Amino acid sequence: MRQSFALSLALPLAFALGGCSLQPMYAGGGSGAVAQGLAAVDVPPIEGKAGWLVRSALNDQLGAAGTGEFRYRLEVRLDDSLEGLAVLADDTVSRERRTLRARYQLVDSATGAILLDATEGVDAGIDVVSSEYAVIAAENTALENLAVEISDRIVTRVAVALRERAQGER
């Protein structure tokens with residue numbers, strides 16, 4: 001009884017969903033317009049340790065490492081900050097916040113036109129403990145995690161921009 005009720009609700013929803021204009025982002029798999037566009041994005045070196053981490057994560061996600069010809073260039077500028085929070089009575093900090101902000105532009109290499117100009121920001125909390133080594137390790141781990149998270153967000157925004165561009169060229 002429950003199964004037939006669920007099926008009677010799911011069937012009209014399936015037809016309604018097919019009628020809307022939702023389309024998969026990576027339609028066509030590796031040979032689709034978005035995947036090909038992402039593989040054609042060059043990420044120039046970004047300054048600093050955070051820049052190296054973000055660029056590595058971007059290249060991993062874009063699939064651009066080792067491809068020959070780049071149609072787009074992704075210019076990224078980062079702001080990495082570490083601030084103390086939760087100051088105790090003896091003026092020691094018991095918590096820190098690491099913030100990583102990115103300003104980035106997707107540029108068409110052939111024309112120099114800016115296709116996307118956006119910013120992203122992520123942050124993480126860090127407990128400050130009595131071991132200085134543990135705090136430094138936690139700060140580095142936070143930076144590594146933030147670099148991956150911000151690169152995920154950047155790649156998603158770039159993919160959307162490339163999909164809109166591909167749909168506009170049809």
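Which side chains meet in a salt bridge at 2.5 Å, N to O? Those of R97 and E83 do, and the pair links distant parts of the chain, with R97 in strand 3 and E83 in strand 2, 14 residues apart.

## About the model

This is a predicted model, in which local features need pLDDT of at least 70, side-chain atom pairs count only at pLDDT 80 or more, and totals for chains, interfaces and linings use all residues. Residues are numbered from 1 along each chain as its sequence is written, and side-chain values use heavy atoms, leaving out hydrogens and water.

## The sheet

Let's start with the strands (DSSP runs of E, at least two residues, numbered from the N terminus, as are helices, which are H or I runs of at least four). Four of them form an open sheet in the order 1-2-3-4, with mixed pairing (two strands pair if DSSP finds at least two bridges between them). Strand 1 (41-42) and strand 4 (114-127) are the edges, each pairing on one side only.

Strand 1 runs parallel to strand 2 (residues 72-87), joined by two bridges; V41 has Y72 as its bridge partner in strand 2.

## Salt bridges

The structure holds eight salt bridges (a side-chain nitrogen of Lys or Arg within 4 Å of a carboxyl oxygen of Asp or Glu). One of them joins E120 and R157 at 2.9 Å, N to O. Because E120 lies in strand 4 and R157 in helix 4 (residues 132-169), this pair ties together parts 37 residues apart in sequence.

E120 is buried at 12% relative accessible area, while R157 is partly exposed at 35% (buried means under 20%, exposed over 50%, partly exposed in between, with a 1.4 Å probe and protein chains only).
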